[in-house]
Amino acid sequence: MCEPQHYRFFVFLSTKASISAEPPQEQPYRGWVLDQHHLSKMLLTIAGLVTLLIGTALAWFTSLPDIRSINDYRPQTATLILDRNNRPIDVIAKEFRVIVPYESFPALLPQAFVAAEDSRFWEHDGVDSWSIARAAFNNLRSGRRSQGGSTITQQVTRALLLSREKSYLRKLAEAVLSFRLERMLTKEEILFIYLNEIYLGEGAYGVEAAARTYFGKKASELALGEMALLAGLPQSPSNYSPIKQTDAARGRQRYVLNRMAEDGFITDEAAREAYDQGLQLAGNWRKSLNGYFALYVRSQLLAVYKEADLYAKGLSVATTVDARLQEAAAKAVQAGVIRVAMRHLDTPPPQGALVALDASSGRIRAMIGGSDFTENQFNRAVQANRQPGSAFKPLLYAAALEQGVAPTSVFNDAPLSLPSSGGRLWQPRNFKNEYRGAMPLGEALVHSSNVVAVRLLQQVGLDRMVNTAKAMGVSAVLEPNLTLALGASPVSLLELTAAYAAFANQGVYHAPVGITRVNDREGRITPWPQSPGKQVISPATAEWLQTTMTQVVQRGTGKNASGVRGASGKTGTTDNNLDAWFIGSAQEFTTGVWVGHDRDTPLGTGETGGQAAAPVWKHFMLQAVN
């Protein structure tokens, strides 16, 4: 039988190696070959990266701030408080800034800042490549970042549009925006923003605020040396502060004057003369002298304006206060407090307060609320209600005369015992337990008899007494008992002084007022409501009280106030010598003085209203009326 035959039709599918087959030979390495496949992948990758880069750049550029907002440059602008002669005395501000048009600056003022900060300002397009290169070279040579190459335009851009973050990306944004800004605004417009925006130390933003802060004058009134000093501040306001670093400030001032001479803005002789004139600083005019009154004005404004408006809208508030009288008042209070402190070295120095009014209008001419505003801002002329003691008695006498008590009435100045709560007796006593027997009403006021005052209140009645005091502007709650005759109910110095002003004004009362008008940034004027006069006592009563209180000064408890032409007034002293008062009038002024401690600490033996307060009143009034 024949073996079956097998036919292999698909030999190429066999998995067995052929015995005769030769091993494959290894191909030589020819490196990476750019074929069509690789080229396509590379081009796609490059396209993706370029697209990503362009997209990122576009996104970054579109995220930059819109410089068109600078066209409506309206920064936070301080509320400026002016005295009655339109001189600035204080501000209400988070950033003390007063906007001034470019045309109002003296010609040399912008030139001083250009010479100090950006000598090529008029030539470059927002970024000064030469200054950047020079600063980089100097920094590299010194091994530290000691110089910057920012132009005035870049400083404006950074201040208004960017943060102060130190990064290359922020610097790039600053350069791009500065380039754009130079094409949108003129050089003068950029300088206008810069000179009103730049921080110059001591809380002052812009040259107008700095001129008022350092020199007490407007920028338009600055001398060349003063301009140069301000122009030297932007680089480091704290290190070159003329108040705290006088030598460094003078050195920087010399540098700016030399730069101005080198750039041809001034002559060498003018630079030398300006430097030789030295510096005359105005001192801290915004706080130590006018701080208490400024806070009072602020409280009045807040009844009409929002607090945010006071910080941002550039209001100008004309007030009634007289800067000359403010200074006189501050000196009088400080001197009086020192005198009391020197007499009693074992107790802390007391506080003092003074307020002076124009009796015919109620306008506040001076207000000092304490001996040192920088240490304590509590306004004792307005915010503190203290027992007035015998200083309250003229209001009682006014109520009595208005009720029909004759001025010639005679009262018994003798010890008095009255029933009190708990079945006990109340025995009001005169000062030093001195009694004079039968005495006319006027003499009782001259010698400040306590027992006569109590007898008089019994006759007048508590309700009439309280109503008279309210009609004369006393808003404090008055205790309806006989101690009211002795001034046991606390009142404020401002309100009681305003009541006395009615005595000097033929019985016509004016509520105190400290503001006359408010101007906004656009120049619109809003008159401030003034106090209408109100006849609260008759002219005859007012005249009798004025005549009698003239005798108080000439031969009564107020003798330490004598020497002021036409002076009249009344002293007040509380139990244990806690409070000393003197309130009186001369010519057009009615002035009240209080001396005491914020807490119930006695002033010391012998510290009465005549001893502690009347000399302060006299010190001030001699400056006010003589």
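Colleague: What makes you say that the charged end of Arg 250 sits over the ring of Tyr 275?

Modeller: The charged end of Arg 250 is 3.9 Å from the centre of the Tyr 275 ring. The label needs NZ of Lys or CZ of Arg within 6 Å of the ring centre and within 35 degrees of the ring normal. Arg 250 therefore counts as sitting over Tyr 275. Lys 187 gets the label too, with its charged end 4.4 Å from the centre of the Phe 121 ring.

Colleague: Before we go on, what are the ground rules?

Modeller: This is a predicted model, where local features need pLDDT of at least 70 and side-chain atom pairs count only at pLDDT 80 or more, while totals for chains, interfaces and linings use all residues. Residues are numbered from 1 along each chain as its sequence is written, and side-chain values use heavy atoms, with hydrogens and water left out.

Colleague: Why is the aromatic pair of Phe 113 and Tyr 194 called edge-to-face?

Modeller: The ring centres are 6.1 Å apart, with 80 degrees between the planes. Rings of Phe, Tyr and Trp (its six-membered ring) pair if their centres lie within 6.5 Å; planes under 30 degrees apart are stacked, over 60 edge-to-face, the rest tilted. So Phe 113 and Tyr 194 pass both tests. The whole structure holds 10 aromatic pairs.

Colleague: Which parts of the chain does the pair of Phe 113 and Tyr 194 link?

Modeller: Distant ones, 81 residues apart. Phe 113 belongs to helix α2 (residues 108-117) and Tyr 194 to helix α6 (residues 187-197). Helices are DSSP runs of H or I of at least four residues, strands runs of E of at least two, numbered from the N terminus. Phe 113 and Tyr 194 are both buried.

Colleague: How do you know that Leu 181 is buried?

Modeller: Its relative accessible area is 1%. Buried means under 20%, exposed over 50%, partly exposed in between (1.4 Å probe, protein chains only). Leu 181 is therefore buried. Leu 181 lies in helix α5 (residues 168-184). Asp 125 is 56 residues from Leu 181 in sequence, yet their C-alpha atoms are 9.0 Å apart.

Colleague: Why is strand β6 (residues 351-358) called largely enclosed?

Modeller: Because 8 of its 8 residues are buried. Gln 351, Ala 353, Val 355 and Leu 357 cover one side of β6, and Gly 352, Leu 354, Ala 356 and Asp 358 the other.

Colleague: How do you know that β6 pairs with strand β20 (residues 589-596)?

Modeller: Two strands pair if DSSP finds at least two bridges between them. β6 and β20 share 8 bridges, so they pair, in the antiparallel sense. Ala 356 has Ala 366 in β7 as its bridge partner. In the hairpin of β6 and β7, 5 residues separate the strands, and Gly 362 has a positive phi near 80 degrees.

Colleague: Which way does strand β1 run beside strand β5 (residues 316-319), parallel or antiparallel?

Modeller: Parallel, with 3 bridges. Leu 80 has Ser 316 in β5 as its bridge partner. β1 (residues 79-82) points Thr 79 and Ile 81 one way and Leu 80 and Leu 82 the other, all buried.

Colleague: And what joins β1 to strand β2 (residues 88-92)?

Modeller: They are antiparallel over 4 bridges. Leu 82 faces Pro 88 in β2. β1 and β2 make a hairpin with 5 residues between them, where Asn 86 in the turn has a positive phi of about 65 degrees.
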